[in-house]
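Subject: Structure handover

Hello,

Here is the structure I said I would pass on. Please open it first and then read the notes below it.

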Amino acid sequence: MQLNLTGQNVEITAPLRDFVSGKFAKLEHYFEHINQVYIVLKVEKVTQVADATLHINGGELHATSEAEDMYAAIDGLIDKLSRQLTKHKDKLKKH
């Protein structure tokens, strides 16, 4: 899995990069065939926004999460993506 991390109005520090890579490594437990991940971290006035697009075998998944803290936004993003990945995996099993 290749991670592409971008920051808009935010500096990507080493602890933030480590946190993101650790969280997205856990997503591989749900679905092994994740090819690329594009992550954009933004600051819009007072809200922190985490946005991600996953390129997987059989399609693309996209999720966005907002919070007052960047780490909380990333946690919300991981929760949304994990639900989407399990749903995608169930669809693949049915076919």
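Ser-82 is in contact (heavy atoms within 4.5 Å) with Leu-27 and Tyr-30, leaving aside its neighbours within four places in sequence. Ser-82 is buried, at a relative accessible area of 10%; buried means under 20%, exposed over 50%, and partly exposed in between, with a 1.4 Å probe and protein chains only. Ser-82 belongs to helix α2, residues 70-94. Helices (H or I, at least four residues) and strands (E, at least two) are DSSP runs, numbered from the N terminus.

This is a predicted model: local features need pLDDT of at least 70, side-chain atom pairs count only at pLDDT 80 or more, and totals for chains, interfaces and linings use all residues. Residues are numbered from 1 along each chain as its sequence is written, and side-chain values use heavy atoms, with hydrogens and water left out.

Next, helix α1. Its buried residues are Leu-16, Val-20, Phe-24 and Leu-27. Seen down the axis of α1, they fall within an arc of 55 degrees (taken from the directions from the helix axis to the C-beta atoms), so they line one face of the helix. They pack against β1 (2-8), β2 (34-44), β3 (47-56) and α2. Ala-14, Pro-15 and Asp-18, on the other side of α1, are exposed.

The count is 1 salt bridge, meaning a side-chain nitrogen of Lys or Arg within 4 Å of a carboxyl oxygen of Asp or Glu. Lys-23 forms a salt bridge with Asp-75, with the closest N and O atoms 3.1 Å apart. Lys-23 lies in α1 (residues 14-27) and Asp-75 in α2, so the pair ties together parts 52 residues apart in sequence. Asp-75 is partly exposed, at 29% relative accessibility.

Regards
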